Amino acid sequence: MSSSIAIEVVDLEKTYGTVTAIQDLSFTVLPGEIFGLLGPNGAGKSTTLRILITILPPTRGQARVWGYDVVKEADAVRQVIGYVPQERAIDRFLTGREHLLLLADLYHLPKREALNRINELLKLVDLEAHADRLAKTYSGGMKRKLDIACGLLPNPRIVFLDEPTLGLDVQSRLRIWDYIRELRRRGLTIVMTTNYLEEADQLCDRLAIIDGGRIRVMGSPKELKTALGGDTLCLRADPSQTEPLDRLHAALKTLPFIRDSRRQGYELLIRVDAPDKALPAILEAAHRVNCHIESIDYHRPRLDDVFLAYTGHRFQEPTQ
Amino acid sequence: MSHAVQEVLALTQRWIRRLSREKFSMLFTLVQPMLFWLIFFGNLFQRAANTQLFQTENYMSFLAAGVVVMTVLNNGLAGGVDLLFDKENGFLERLMSTPIHRASIIVSRYLFVMLITCLQILVILTVAFFFGVTPETGLAGVAVILVIGMLFGVGLTAISMAMAFSVKSHGDFFSVLGFLSLPMIFLSSALVPLTAMPAWMRAVAYFNPMTWVIEAIRPLILSGWAAAIPQVLTALAILLVFDAICLYGGARAFRRAIG
């Protein structure tokens, strides 16, 4: 069966006792796209994902995956999804191939089909040479590849990836991104959580920014950035310059081309319409109010600007 | 139905693979009860044991029933531990996101624990045989011992799995395990007959299902069918109640954890 909507979530809410993990969550995912849930740790991304893969019942609201209700038709949902968990959900005492053979039985694949598909998947994720080694000898990147192969084994319509590159080195991360793009080429729908801005920006067709259990904004990375309007100037002054910085902040209000400015510590974050005109004007104003500037950073809007604009605070990426 | 069989066999195979690759752990699992309890303890107390009290010349033939049931106890109470690790590292979530019968995981665990326990019991009885212990009721008696042992294991494994699904960390799990296991042994007739226990310990031992299991297995080894049959029937009745309670609690814990 095909569907014009891959996932539909309406007013989803999950509470644990008095703690609300997510609320008022509504979004749709279209077939064939990479949909990202971007947010800091504890924002509610994993909770959302776990509800969608039927292992956590929602407190309120509805979610349909490939047309099936995640609570009432959980078994049907499980037939069309693949899941790549966040933790290294690997059994150290099994080989890579044995992981896939186990899952093949759990998805009730006939033996011959299972063997063919396992070989194909091992080839896809470059694990052929290591397939018969115990997983405890695998590197982080290899485990992640095995995770992905496991998620793909049921030949799913939708793959859910929970933080697919968390803690991986740059090289492995790029490989994983390639695999994910390859899956989209094959027509799969992909839902992933991430707390890497660059990953969301590079990989996702559309994303929802989640913070404090709510969706703050949704759209393609490009839309989100353009919708912000203007470019961002970050102007940093010496710590001794508190007062001049205040004067400059006030002076900026009278300048044209400036959309808004925020004071953060010794920094002014300024969104400007036309940087080529705004920049000289700002420098001139700084000169006029006698404010010594340490550095100026200018960039096109980035996702962290989008995050800041919609949540009111800066995005904290996990430290490696 | 054939799906369920496919699932259970695959999951059981995984447990066996895991054990067979943890060579050290496997060695200890298999060897510990007979080495520590049967051989060391049995020979150590051979001379100290009062033959009148123990109704046998050979303390080891008295102890054999206790060691068999201790093995069932330890295997049963540890039966949930792999599920706990699966829960902690996310493997359980992976399993739960597949279209399997939720019960297949539980059933596979049971199959595995039962299989290992049966093997161990047979090893223990074989070792005991070489120390001169011959079950009076013969091979049929050994079969009955296995059945009673398995029935006791059902309830114990249910307790263990319920704990695995309920505890916050595996530290808690092992604390409770350690707290349960030794008192269960000392407050039963595993090491000495009920008549030789201090009155208050004997009173507690009467409420320990383990006592009744031992009291059924011991005459199968020591005395013969006539003495054993009433004890076996009593044990079966008690185990029926014990298992029902444990399975009910286990099912509730499982449902709460898995939804």
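Reader: Which residues of helix α5 (residues 81-89) of chain B are buried?

Author: This is a predicted model, in which local features need pLDDT of at least 70, side-chain atom pairs count only at pLDDT 80 or more, and totals for chains, interfaces and linings use all residues. Residues are numbered from 1 along each chain as its sequence is written, chains are lettered from A and ligands numbered from 1 in the order in which they are written, and side-chain values use heavy atoms, with hydrogens and water left out. Buried means under 20% relative accessible area, exposed over 50%, and partly exposed in between (1.4 Å probe, protein chains only). In α5 of chain B the buried residues are B:V81, B:D82, B:L83, B:L84 and B:D86.

Reader: Which helices of chain B do the buried residues of α5(B) pack against?

Author: Helices (H or I, at least four residues) and strands (E, at least two) are DSSP runs, numbered from the N terminus. Contact means heavy atoms within 4.5 Å. The partners of the buried α5(B) residues are α1 (2-21), α6 (91-96), α7 (102-130), α8 (138-166) and α9 (170-186) of chain B.

Reader: What is the radius of gyration of chain B?

Author: The radius is taken over C-alpha atoms, and the globule rule is 2.2 Å times the number of residues to the power 0.38. For 259 residues, a compact globule would have a value near 18 Å, which agrees with that of chain B, 19 Å.

Reader: What share of the residues of chain B count as buried?

Author: The C-alpha atoms of chain B fill a box of roughly 60 × 35 × 35 Å, taken along the principal axes. Of the 259 residues in chain B, the buried share is 52%.

Reader: Does A:A21 count as buried or exposed, and at what relative accessibility?

Author: A:A21 lies in strand β2 (residues 19-29) of chain A. Leaving out residues up to four places away in sequence, A:A21 touches A:K14, A:T15, A:Y16, A:A43, A:G44, A:T47 and A:G213. A:A21 counts as buried because its relative accessibility is 15%.

Reader: What distance separates the C-alpha atoms of A:A21 and A:T47?

Author: A:A21 and A:T47 are 26 residues apart along the chain. Their C-alpha atoms are separated by 7.2 Å.
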